[in-house]
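Hello,

Here is the structure we talked about passing on.

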Amino acid sequence: MRYGLIGEKLGHSFSKEIHNMISSYDYDLLELKTDDLRPFMAERDFSGVNVTIPYKQAVIPLLDFVDDGALACGAVNTIVNKKGKLYGFNTDIDGLCALISHAGIDISGKKVLICGTGGTSHTALAACGRLNSGDVTVLSRTGKSGSVTYETAYTAHADADVIINTTPCGMWPDIQSSAVDISRFPKLSGVIDVVYNPLRSKLVTCARARGVKAEGGLYMLVAQAVAASERFFSRKYGEGLANSIFESIVKRKENIVLTGMPGSGKTTLARVIAEKTGRKFYDTDFVI
């Protein structure tokens, strides 16, 4: 593998599709078990890889050099092999800041709650620092390592302005779960969810239903991928590349669903829409 993504479970990943749209290089997905990580890194038979759950922190001691930004957040998601030496970077910070901006959410001086304590949580803390947020509180189920429990947050931090979810809650196939109950935070002005599959998680859907600005993690994934590719090849892409890739993916993956009473014309209308948009047509009656 010359370029690709390593992680434990990658069936949900859009990364190969995104990197194939950035430029003409092969990009593969490689699922690694915990015991396989160290041998893979020791062999160094790659030019550049991205790293995802659960290895963003585990790879750090296996690298020769780690960028200051990655050290600051304690997580590496991009590794470049330069003449046998492994260099670690964190382009998730760039991606998350780009996502927050793209969602139109201003966190400057705002009280922020971060759901989760993993590698992406550290990235969110770094992004909050870069964007000059106000008080930041990390939430977890156990309340360990300086975090507070969700139940405590519902009472002590109900005045939060922004929530950033860094947990896999709501990610396919567990799409009905949500890290936090949005209704318990009446002052919310923004919600960011790093989950990108589905495009709109339950957390994002519930926030939008309450009139709160909210966006899933697809734009972050695209923006960090562009930044990672720039690291791979020591080059800069045009500023509009992330936008064009994001819009293209959304157009292909966003579905149109027709519901209604029997005989209301769903099937007839759906066939017309499918023909005009180039989307595949599915009839759930036939599927069932």
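Below are notes on the nonpolar cores and the salt bridges. Keep in mind that this is a predicted model.

Cores first. The largest nonpolar core has 49 residues. Ile18, Ile22 and Leu218 have the most contacts inside it. Several elements give two or more residues to this core, among them strand S1 (3-7), helix H1 (15-22), helix H5 (119-130) and helix H9 (241-253). Helix H8 (218-233) is also on that list. H8 gives the most, with 10 residues. Leu218 touches Phe14, Tyr196, Leu199, Phe246, Ile249 and Val250, leaving aside residues up to four places away in sequence. There is also a second, separate core of 20 residues. Cys115, Phe185, Val204 and Ala207 are included in that one.

Now the charges. The count comes to 10 salt bridges.

- Asp64 pairs with Arg44, with the closest N and O atoms 2.6 Å apart. The two sit in loops, 20 residues apart. Asp64 is partly exposed at 32% relative accessible area, and Arg44 is partly exposed at 26%.
- Asp94 and Arg130 meet at 3.1 Å, N to O. This pair links helix H4 to helix H5, 36 residues apart.
- Glu230 bridges to Lys236 at 3.7 Å between the closest N and O atoms. Glu230 counts as buried because its relative accessible area is 15%, under the 20% cut-off. Lys236 is exposed, at 70%.

Finally, salt bridges that share partners join Glu17, Arg252 and Lys253 into one network.

Best wishes

Conventions. Residues numbered from 1 in each chain as written. Predicted model: local features only at pLDDT ≥ 70, side-chain atom pairs only at ≥ 80, totals over all residues. Heavy atoms only, no water. Core = buried A, V, L, I, M, F, W, Y, C linked by side-chain atoms within 4.5 Å. Buried < 20%, exposed > 50% of the residue type's maximum accessible area, 1.4 Å probe, protein only. Helix = DSSP H or I, 4+ residues; strand = E, 2+ residues; numbered from the N terminus. Contact = heavy atoms within 4.5 Å. Salt bridge = Lys/Arg side-chain N within 4 Å of Asp/Glu carboxyl O.
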